[in-house]
Amino acid sequence: YPDGLFVDSTGTLWVGDTLNSRVLRFDNASFKANGANADGVLGQPNFTSSSPATTQSGMRNPWKVYVDSSGTLWVADFSNNRVLRFDDAASKDNGADADGVLGQPDFTSSGHSTAANTMYYPIGLAMDSAGRLWVVEFYNHRVLRFDDAVSKANGANADGVLGQPNFASNTPGVTQSLMTSPKFVTIDNANGRLFVSDS
(Lines give C-alpha, C1' and ligand atoms only; values in the text may rest on other atoms or scores of the structure.)
Protein backbone atom coordinates (compact mmCIF):
# COMPACT_ATOMS: atom_id res chain seq x y z
CA TYR A 1 0.00 0.00 0.00
CA PRO A 2 2.24 2.84 -1.19
CA ASP A 3 0.28 5.97 -0.26
CA GLY A 4 2.73 8.86 -0.50
CA LEU A 5 4.81 10.05 -3.46
CA PHE A 6 7.18 12.96 -3.86
CA VAL A 7 9.77 13.80 -6.50
CA ASP A 8 12.44 16.17 -5.20
CA SER A 9 14.44 18.76 -7.15
CA THR A 10 17.15 16.20 -8.02
CA GLY A 11 14.72 13.75 -9.61
CA THR A 12 14.71 11.38 -6.66
CA LEU A 13 11.38 9.65 -6.03
CA TRP A 14 10.36 9.09 -2.40
CA VAL A 15 7.59 6.59 -1.65
CA GLY A 16 5.65 6.28 1.61
CA ASP A 17 5.20 2.50 1.67
CA THR A 18 2.49 2.53 4.30
CA LEU A 19 1.90 -1.06 5.33
CA ASN A 20 5.59 -1.90 5.07
CA SER A 21 6.21 0.95 7.55
CA ARG A 22 9.00 2.45 5.48
CA VAL A 23 9.97 5.12 2.96
CA LEU A 24 11.74 4.04 -0.23
CA ARG A 25 14.16 6.18 -2.24
CA PHE A 26 14.64 5.82 -6.00
CA ASP A 27 17.49 7.97 -7.38
CA ASN A 28 17.02 9.33 -10.92
CA ALA A 29 13.64 7.64 -10.85
CA SER A 30 12.45 8.60 -14.33
CA PHE A 31 15.39 6.71 -15.84
CA LYS A 32 14.79 3.47 -13.90
CA ALA A 33 13.89 0.30 -15.76
CA ASN A 34 10.57 -1.33 -14.95
CA GLY A 35 10.73 -3.07 -11.59
CA ALA A 36 14.08 -1.50 -10.66
CA ASN A 37 15.37 -1.76 -7.11
CA ALA A 38 15.09 1.12 -4.68
CA ASP A 39 18.35 2.83 -3.74
CA GLY A 40 17.56 3.39 -0.09
CA VAL A 41 15.10 2.79 2.72
CA LEU A 42 14.19 4.61 5.91
CA GLY A 43 11.97 3.24 8.65
CA GLN A 44 13.43 -0.25 8.30
CA PRO A 45 17.01 -1.54 8.64
CA ASN A 46 16.89 -3.27 5.25
CA PHE A 47 14.65 -3.99 2.27
CA THR A 48 13.20 -7.23 3.64
CA SER A 49 11.95 -5.96 7.03
CA SER A 50 8.48 -4.49 7.52
CA SER A 51 7.95 -4.38 11.29
CA PRO A 52 6.19 -1.26 12.59
CA ALA A 53 8.02 0.51 15.40
CA THR A 54 7.95 3.61 17.59
CA THR A 55 11.64 4.49 17.69
CA GLN A 56 14.02 7.07 16.24
CA SER A 57 14.66 4.83 13.24
CA GLY A 58 11.28 3.11 12.95
CA MET A 59 7.88 4.04 11.55
CA ARG A 60 4.31 2.84 11.86
CA ASN A 61 2.24 3.23 8.69
CA PRO A 62 3.75 6.37 7.16
CA TRP A 63 1.59 8.17 4.61
CA LYS A 64 2.60 11.34 2.84
CA VAL A 65 6.21 12.40 2.37
CA TYR A 66 7.71 15.74 1.39
CA VAL A 67 11.25 16.86 0.60
CA ASP A 68 12.03 20.56 0.98
CA SER A 69 14.53 22.62 -1.00
CA SER A 70 17.36 21.81 1.42
CA GLY A 71 16.91 18.04 0.98
CA THR A 72 15.15 17.50 4.28
CA LEU A 73 12.59 14.68 4.21
CA TRP A 74 9.38 15.05 6.22
CA VAL A 75 7.29 11.95 6.91
CA ALA A 76 3.70 11.85 8.17
CA ASP A 77 4.11 8.83 10.48
CA PHE A 78 0.38 8.19 10.65
CA SER A 79 -0.10 5.55 13.37
CA ASN A 80 2.64 7.01 15.56
CA ASN A 81 0.82 10.36 15.55
CA ARG A 82 3.93 12.29 14.61
CA VAL A 83 5.94 13.87 11.80
CA LEU A 84 9.56 12.79 11.39
CA ARG A 85 12.37 14.95 9.99
CA PHE A 86 15.39 13.50 8.17
CA ASP A 87 18.06 16.09 7.36
CA ASP A 88 20.01 15.56 4.10
CA ALA A 89 17.86 12.47 3.65
CA ALA A 90 19.31 11.25 0.34
CA SER A 91 22.71 10.71 1.99
CA LYS A 92 21.35 8.67 4.91
CA ASP A 93 22.25 5.03 5.33
CA ASN A 94 19.42 2.50 5.26
CA GLY A 95 17.51 2.53 8.53
CA ALA A 96 19.09 5.77 9.72
CA ASP A 97 17.69 7.69 12.67
CA ALA A 98 15.39 10.65 12.19
CA ASP A 99 16.81 14.04 13.18
CA GLY A 100 13.64 15.50 14.63
CA VAL A 101 10.04 14.82 15.59
CA LEU A 102 6.88 16.92 15.85
CA GLY A 103 3.66 15.78 17.48
CA GLN A 104 5.48 13.81 20.19
CA PRO A 105 7.94 14.88 22.93
CA ASP A 106 10.41 12.16 21.95
CA PHE A 107 10.94 9.25 19.56
CA THR A 108 9.36 6.59 21.78
CA SER A 109 5.96 8.18 22.44
CA SER A 110 2.97 7.71 20.14
CA GLY A 111 -0.15 8.82 22.00
CA HIS A 112 -2.72 11.10 20.41
CA SER A 113 -4.52 14.14 21.79
CA THR A 114 -5.67 17.60 20.79
CA ALA A 115 -3.17 20.30 21.70
CA ALA A 116 -0.64 22.61 20.06
CA ASN A 117 2.14 20.04 20.42
CA THR A 118 0.28 16.80 19.67
CA MET A 119 -1.29 15.12 16.65
CA TYR A 120 -4.00 12.59 15.89
CA TYR A 121 -3.31 10.64 12.69
CA PRO A 122 -1.26 13.08 10.60
CA ILE A 123 -1.90 12.05 7.02
CA GLY A 124 -0.75 14.85 4.71
CA LEU A 125 1.94 17.51 4.71
CA ALA A 126 3.62 20.16 2.60
CA MET A 127 6.08 22.99 3.07
CA ASP A 128 5.79 26.46 1.58
CA SER A 129 8.57 28.63 0.21
CA ALA A 130 8.93 30.42 3.57
CA GLY A 131 9.78 27.20 5.40
CA ARG A 132 6.38 26.75 7.02
CA LEU A 133 5.34 23.11 7.42
CA TRP A 134 1.62 22.39 7.07
CA VAL A 135 0.38 19.12 8.61
CA VAL A 136 -3.09 17.66 7.96
CA GLU A 137 -4.58 15.74 10.89
CA PHE A 138 -7.29 13.33 9.87
CA TYR A 139 -8.96 12.81 13.27
CA ASN A 140 -8.32 16.24 14.77
CA HIS A 141 -10.05 17.73 11.71
CA ARG A 142 -7.46 20.44 11.29
CA VAL A 143 -4.28 21.64 9.61
CA LEU A 144 -1.34 22.69 11.79
CA ARG A 145 1.26 25.30 10.79
CA PHE A 146 4.85 25.13 12.00
CA ASP A 147 6.86 28.26 11.18
CA ASP A 148 10.57 27.73 10.39
CA ALA A 149 9.86 24.05 10.93
CA VAL A 150 13.39 22.78 10.36
CA SER A 151 14.63 24.67 13.43
CA LYS A 152 11.89 23.40 15.77
CA ALA A 153 12.86 21.38 18.82
CA ASN A 154 11.34 17.93 19.28
CA GLY A 155 7.73 18.21 20.40
CA ALA A 156 7.50 21.94 19.66
CA ASN A 157 4.15 23.70 19.56
CA ALA A 158 2.50 24.52 16.26
CA ASP A 159 2.27 28.21 15.44
CA GLY A 160 -1.18 28.16 13.89
CA VAL A 161 -4.23 26.04 13.13
CA LEU A 162 -6.86 25.96 10.38
CA GLY A 163 -10.11 24.02 10.53
CA GLN A 164 -10.58 24.63 14.27
CA PRO A 165 -10.96 27.81 16.36
CA ASN A 166 -8.09 26.83 18.68
CA PHE A 167 -5.63 24.05 19.50
CA ALA A 168 -7.94 22.36 22.00
CA SER A 169 -10.89 21.80 19.65
CA ASN A 170 -11.39 18.93 17.21
CA THR A 171 -15.04 19.24 16.28
CA PRO A 172 -15.82 18.18 12.71
CA GLY A 173 -18.09 20.45 10.73
CA VAL A 174 -19.24 21.65 7.35
CA THR A 175 -18.75 25.39 7.57
CA GLN A 176 -16.40 27.99 6.12
CA SER A 177 -14.02 27.57 9.08
CA LEU A 178 -14.34 23.88 10.06
CA MET A 179 -13.12 20.64 8.46
CA THR A 180 -14.14 16.99 8.62
CA SER A 181 -11.37 14.41 8.16
CA PRO A 182 -9.06 16.43 5.88
CA LYS A 183 -6.52 14.31 4.01
CA PHE A 184 -4.17 16.16 1.68
CA VAL A 185 -2.64 19.59 1.28
CA THR A 186 -0.77 21.41 -1.45
CA ILE A 187 0.52 24.95 -1.77
CA ASP A 188 0.40 27.52 -4.56
CA ASN A 189 3.50 29.45 -3.52
CA ALA A 190 3.13 32.03 -6.27
CA ASN A 191 -0.10 33.27 -4.73
CA GLY A 192 0.27 32.18 -1.10
CA ARG A 193 -2.69 29.82 -1.30
CA LEU A 194 -3.15 26.60 0.65
CA PHE A 195 -5.44 23.92 -0.76
CA VAL A 196 -6.85 21.20 1.53
CA SER A 197 -8.89 18.16 0.50
CA ASP A 198 -11.63 18.07 3.15
CA SER A 199 -12.67 14.46 2.67
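Predicted model: local features only at pLDDT ≥ 70, side-chain atom pairs only at ≥ 80, totals over all residues.
Glu137 and Arg142 fall within two strands that run antiparallel. Strand β10 covers residues 133-137, and strand β11 covers residues 142-146. Five bridges hold β10 and β11 together. Both strands belong to an open sheet of four strands. The order across this sheet is β9-β10-β11-β12, and the pairing is antiparallel. Its edges are β9 (122-127) and β12 (160-162), each of which pairs on one side only. On average, neighbouring strands of the sheet are turned by 20 degrees against each other, with direction ignored.

Other salt bridges occur elsewhere in the chain. The total count is 11. One of them connects Arg82 with Asp77, with 2.7 Å between the closest N and O atoms. Arg82 and Asp77 are both buried. Another salt bridge is formed by the side chains of Asp27 and Arg25, at 2.8 Å from N to O. Here the two partners fall into separate burial classes. Arg25 has a relative accessible area of 9%, so it counts as buried, the limit being under 20%. Asp27 has a relative accessible area of 25% and is therefore partly exposed.

Asp88 has a positive phi of about 45 degrees, although it is not a glycine. Asp148 likewise is not a glycine, and its phi is positive at about 45 degrees. Both sit in loops. Asp88 lies in the loop between β7 (82-86) and β8 (100-102). Asp148 lies in the loop between β11 and β12. The relative accessibility of Asp88 is 47%, which makes this residue partly exposed. Asp148 is also partly exposed, with a relative accessibility of 46%.

The protein chain contains 14 strands and zero helices. For 199 residues, a compact globule would have a radius of gyration near 16 Å. The protein chain has 16 Å, so the value agrees with that of a compact globule. Along the principal axes, the C-alpha atoms fill a box of roughly 45 × 40 × 30 Å.

Of the 199 residues in the protein chain, 49% are buried. Among contacts with a separation of 6 or more, 42% come from residues 24 or more positions apart. The accessible surface of the protein chain comes to about 9,000 Å². Carbon and sulfur atoms account for 48% of that surface.

Key. Residues numbered from 1 in each chain as written. Heavy atoms only, no water. Salt bridge = Lys/Arg side-chain N within 4 Å of Asp/Glu carboxyl O. Buried < 20%, exposed > 50% of the residue type's maximum accessible area, 1.4 Å probe, protein only. Pairing = 2+ DSSP bridges. Axes fitted to C-alpha atoms, helices over the stretch in contact; angles between N-to-C directions. Rg over C-alpha atoms; globule rule 2.2 N^0.38 Å. Contact = heavy atoms within 4.5 Å. Areas by Shrake-Rupley, 256 points an atom, 1.4 Å probe, with all protein chains shown as cover.
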